[in-house]
Amino acid sequence: MSEKTATIEDVAQQAGVSIATVSRALHKPQLVSQSTREKVQHAIAATGYTANVMARNLRLSRSGMILLLVPDIGNPFFAEILSGIEQGASRAGYNVLIGDTQNDPEREATYAAYLRSNQADAMILLNGHLPSPLSEAPRIGTPPIVAVCERIPGSNLPTVIIDNQQAALEATRHLTQLGHARIAHIAGPAQNILTIDRVAGFNEAMAEAGLRKSASIDYSPDFGIEAGIAAARRLLRSETPPTAFFCASDGMAIGAIVAAKELGLNVPRDISVVGFDDIHLAANYDPPLTTIRQPRRRLGEQAIALVLERLDKTRPAPDTHADNNPVIINTELIIRASTAPCTNRDPA
């Protein structure tokens, strides 16, 4: 006689919670406390409910796979986002396939084929655009696609982002409130949506402080350390070098500090530096980096929650978190030792 297949009712009874709570813990973990999620996970392990999820996937002709496209798996920024996504997917009985695209259209097209051939049930995009085979806006009935970190204008995709313009405004305002007037923004690629939003926030803060005419923006080909070094060298060797940098990433900010030290400058006595992202290295660099903290695990958790909501729907419904109404996660300005009051009060 075969063993009885575990049900969600069994999990609820084992955990001592309601069926609705089990469902929320699996599909909307952000709505359930950590202790409750742990109870549900222990109950799932005890009852063998994961096997039942696999049976569900077979019954619904699903692969049990969620495809995740990342532009550069080596970038430390993505690690916590991936962890949040994978953990949420695993709780719901899904596996995650990570596609490291390196911004190569051919690689993106290869991974997109998984979705079109039903080898993946959904896709999460961290690369800022739809792969060319999926360039048309997804139609009702197609597998769910969710964008994270970067808006994809015109796609109407469900999206999880931060308010990049507001975060950049707060970062730059921190520098103006320290008395800095000659502030340079080391920006990313000019056409990138993150760059556009962060430049807008920088300009807003400079205008707010009456410093619009002294604003300096240096665009870079990417958000890496080498780009930060090159931009900072250019700016620091100009006739009127800045007294502060707002950088579009922590990597760029670290690069700016490297360039400043090369020229014999002290950070923050001679020049203040603000980064963006709060990667792990930011708190342990010399000096520790003032930066905008992105809650990256939270971004991942919200992204997988949106995917699971859509996979659970038997009939597609209008998206309430599409491009024009995204989920926005709050950021935080983390003040450390790389910024200080301006000691050079020359006119801007």
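The model is predicted, so local features need pLDDT of at least 70 and side-chain atom pairs pLDDT 80 or more, while totals for chains, interfaces and linings use all residues. Residues are numbered from 1 along each chain as its sequence is written, and side-chain values use heavy atoms, without hydrogens and water.

Start at helix α1, residues 8-15. Helices here are DSSP runs (H or I, at least four residues), numbered from the N terminus. Ile 8, Val 11, Ala 12 and Ala 15 are buried (under 20% relative accessible area, 1.4 Å probe, protein chains only). They span an arc of only 100° around the axis, so they lie on the same side of α1. The arc is taken from the directions from helix axis to C-beta atoms. The face turned away carries Gln 13 and Gln 14, both exposed (over 50%). Just after α1, Gly 16 has a positive phi of about 75°.

Move on to α7 (residues 164-177) and α8 (residues 193-208). Their axes come within 7 Å and cross at roughly 40°. Axes are lines fitted to C-alpha atoms over the stretch in contact, and angles run from 0 to 180 degrees between N-to-C directions.

Terms used
Helix = DSSP H or I, 4+ residues; strand = E, 2+ residues; numbered from the N terminus.
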